[in-house]
Amino acid sequence: MEFAFYFAAGIAAIATLRVITHTNPVHALLYLIVSLLAVSMCFFSLGAPFAGALEIIVYAGAIMVLFVFVVMMLNLGPAVSQQETRWMAPGIWFGPGLLSSLLLALLLYVLFNGSDHGSIGHTTVDAKSVGISLFGPYLLAVELASMLLLAALVAAFHLGRNEAKE
């Protein structure tokens, strides 16, 4: 499982570097999704399947849909739409597709390897202990993060809307 951890961590580092270096926001979002999936694989290999599943559901699912919504909301017109169709050429999908297939190969290797141990530390973190931590000593931090995300969504909406000139 150490191989799985380091392999997924390497893919996460490469994908995150591609997120930072891309100037196109849609391409950066594609690499960010691959990076979040790789971080989820790291959680699975460390023995935290609940955290890995939350990483996929919450970040790669909900937050990425929010980012795509904001990018679409800030769309400025038909010229930008034509530019986006040029940006989404089939060659653009090669990098994220390659990294995603490497993650799939790693997942299949770990699933069919037949090893008896499910993680590096041989212990797993269950949902109950995560819930006790989140709604116990870290309740204030969780609520502050949710309020920050809500404020960012409202700010993005107000910055991106086109007001009718009277």
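1. Contact here means heavy atoms within 4.5 Å, and that is the sense in which I talk about packing below. Keep in mind that we're looking at a predicted model. With that said, the buried residues of α1 pack against α2 (25-46) and α5 (94-112).

2. The overall layout is quick to describe: seven helices and zero strands, so to read along the sequence is to follow α-α-α-α-α-α-α. Of the 166 residues in the protein chain, 22% are buried. Take the contacts with a separation of 6 or more: 75% of them come from residues 24 or more positions apart.

3. Back to α1, which covers residues 2-21. From first C-alpha to last, its 20 residues reach 29 Å, close to the 28 Å expected at 1.5 Å a residue. Its buried residues are Ala4, Ala8, Ile11, Ala12 and Ala15. Looking down the axis of α1, you find those buried residues within an arc of 105°, so they line one face of the helix. Turned away from that buried side is a face with the exposed residues Glu2, Tyr6, Leu17 and Ile20.

4. Gly95, Pro96, Leu99, Leu103 and Leu106 are the buried residues here. Down the axis of α5 they fall within an arc of 100°, so they line one face of the helix. They pack against α1 and α2. The face of α5 turned away from the buried side has Phe94, Leu111 and Phe112 as exposed residues.

5. What does the surface look like? The protein chain exposes about 11,100 Å², and carbon and sulfur atoms supply 73% of that. One nonpolar surface patch comes to about 560 Å² and is made by Phe44, Phe50, Leu54, Ile56, Ile57, Val58 and Tyr59. Which helix gives the most to the nonpolar patch? That would be α3 (residues 49-73), with six residues.

6. Why does valine 58 count as partly exposed? Its relative accessible area is 34%, and partly exposed is the class in between buried, under 20%, and exposed, over 50%. Patch residues need over 30% relative accessible area, so valine 58, at 34%, clears that cut-off as well.

Terms used. Residues are numbered from 1 along each chain as its sequence is written. This is a predicted model: local features need pLDDT of at least 70, side-chain atom pairs count only at pLDDT 80 or more; totals for chains, interfaces and linings use all residues. Side-chain values use heavy atoms; hydrogens and water are left out. Patches are made of residues with over 30% relative accessible area and no salt bridge: like charges are joined within 9 Å, nonpolar side chains (Val, Leu, Ile, Met, Phe, Trp, Tyr) within 5 Å. Accessible areas come from the Shrake-Rupley method with a 1.4 Å probe; for residues, only the protein chains shown count as cover. A salt bridge is a side-chain nitrogen of Lys or Arg within 4 Å of a carboxyl oxygen of Asp or Glu. Helices (H or I, at least four residues) and strands (E, at least two) are DSSP runs, numbered from the N terminus. Buried means under 20% relative accessible area, exposed over 50%, partly exposed in between (1.4 Å probe, protein chains only). The expected span of a helix is 1.5 Å times one less than its number of residues. The arc is that of the directions from the helix axis to the C-beta atoms.
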